[in-house]
Amino acid sequence: MKILVASDIHGSAFWCDKLLKAFEKEQADKLLLLGDLLYHGPRNPLPDQYDCPEVYEALNAVKEKIICVRGNCDSEVDQMVLEFPITAPVAVLEVKGRTVFATHGHLYDDVNPPMLQAGDILLNGHFHVPTIKTLNSGIVYANCGSVGLPKGGSVNSYLVISDALTIKSLSTGETLRRYEL
């Protein structure tokens with residue numbers, strides 16, 4: 001199974017469109033969204049082409065392929081327009097015999113990881129900076145970065161899970177980081 005992981009669209013219709021084109025190009029089976037889909041948040045600037053209705057309509061068009069967890073900027077009112085569940089704080093999957101714990105990042109992160117075993121994978125968004133590293137506990141930590149509002153000098157990005165964890169630029173498709181599974 002191939003999974004495209006993305007986070008922090010923050011209402012950017014421009015970058016959401018690029019994300020869905022990347023999802024199609026990657027021929028992924030599932031789109032795992034790690035929250036902060038529509039609202040830009042009080043500390044963030046408005047993203048490119050901020051248009052919440054356009055974003056939720058685009059996401060609803062592929063709803064049968066989406067797995068989603070709630071971000072700190074997502075609310076119950078967002079669930080009224082999104083046609084797939086968004087309120088779960090975590091999603092737990094199995095990939096290549098490893099537990100994959102997917103969460104936004106405001107509850108669990110690389111400093112406060114959940115109880116996982118060495119080799120298991122913790123996925124986050126929230127910090128808007130793409131990262132892959134192995135924690136002291138042996139947990140593999142991956143942050144897919146941000147679709148709509150990258151930070152820390154990073155670029156708009158997403159992550160692909162297949163035989164590896166691969167973070168790619170949303171603009172160019174270039175591989176930014178890779179971790180073999």
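## A buried histidine

His104 is buried, with a relative accessible area of 0%. In this predicted model, the residue is placed in the loop between strand S5 (98-103) and strand S6 (121-124). Two contacts of the His104 side chain can be described. One reaches the backbone oxygen of Leu34 at 2.6 Å, and the other is a polar contact of 2.9 Å with the side chain of Asn72.

## The six-stranded sheet

Six strands form an open sheet with mixed pairing, in the order S3-S2-S1-S9-S10-S11. Its edges are strand S3 (66-68) and strand S11 (175-180); each has a single partner strand, so one side of each is left without a neighbour in the sheet. On average, neighbouring strands of this sheet are turned by 20° against each other, direction ignored.

Within this sheet, strand S9 (residues 157-161) and strand S10 (residues 164-169) run antiparallel and are joined by five bridges. Tyr158 stands opposite Lys168 in S10. Helix H1 (residues 13-26) packs on the sheet, where it touches strand S1 (3-6), strand S2 (30-33), S9 and S10. The direction of H1 makes about 160° with that of S1.

## Leu33 in strand S2

Leu33 is placed in strand S2 and, at 0% relative accessibility, counts as buried. Leaving aside residues up to four places away in sequence, Leu33 touches Ala6, Ile9, Leu19, Leu59, Ile66, Ile67, Cys68, Val69 and Phe84. Among these partners, Leu59 also takes part in the packing of helix H2 on H1.

How far apart in space are Leu33 and Glu57, C-alpha to C-alpha? The two residues are 15 Å apart, with a separation of 24 residues in sequence.

## Packing of helices H1 and H2

H1 packs with helix H2 (residues 52-60) at an angle of about 15°, and the two axes are 9 Å apart. Angles under 35 degrees count as roughly parallel, which makes H1 roughly parallel to H2. The crossing of the two helices is left-handed.

The residues that meet between these helices are Ala13, Cys16 and Leu20 on the H1 side, and Glu54, Val55, Ala58 and Leu59 on the H2 side.

## The five-stranded sheet

A further open sheet has five strands in the order S4-S5-S6-S8-S7, again with mixed pairing. Strand S4 (90-95) and S7 stand at its edges; since each has a single partner strand, one side of each is left without a neighbour in the sheet. The twist from one strand to the next averages 15°.

S5 and S6 run parallel and are joined by three bridges, with Val100 opposite Ile121 in S6. S6 also pairs with S8 in the parallel sense, over four bridges, and here Asn124 stands opposite Asn143 in S8.

## The S7-S8 hairpin

Strand S7 (residues 131-134) and strand S8 (residues 140-143) pair in the antiparallel sense over four bridges. Lys133 stands opposite Tyr141 in S8. The two strands form a hairpin with five residues between them. Gly138, in the turn, has a positive phi of about 90°.

Which residues other than glycine have a positive phi? Lys96 has a phi near 55°, and His126 has one of about 65°.

Both residues are in loops: Lys96 lies between S4 and S5, and His126 lies between S6 and S7. Lys96 counts as exposed, at 54% relative accessibility. By contrast, His104, in the loop between S5 and S6, is buried at 0%.

Technical notes
Residues are numbered from 1 along each chain as its sequence is written. This is a predicted model: local features need pLDDT of at least 70, side-chain atom pairs count only at pLDDT 80 or more; totals for chains, interfaces and linings use all residues. Side-chain values use heavy atoms; hydrogens and water are left out. Buried means under 20% relative accessible area, exposed over 50%, partly exposed in between (1.4 Å probe, protein chains only). A polar contact is a pair of N or O atoms within 3.5 Å; within protein, one must be able to donate a hydrogen and the other to accept it, and residues adjacent in sequence count only if both atoms are side-chain atoms. Two strands pair if DSSP finds at least two bridges between them. Axes are lines fitted to C-alpha atoms, for helices over the stretch in contact, and angles run from 0 to 180 degrees between N-to-C directions. Contact means heavy atoms within 4.5 Å. Angles under 35 degrees count as roughly parallel, over 145 as roughly antiparallel, 65 to 115 as roughly perpendicular and the rest as oblique. A crossing is left-handed if the near helix is turned anticlockwise from the far one by less than a right angle, and right-handed if clockwise.
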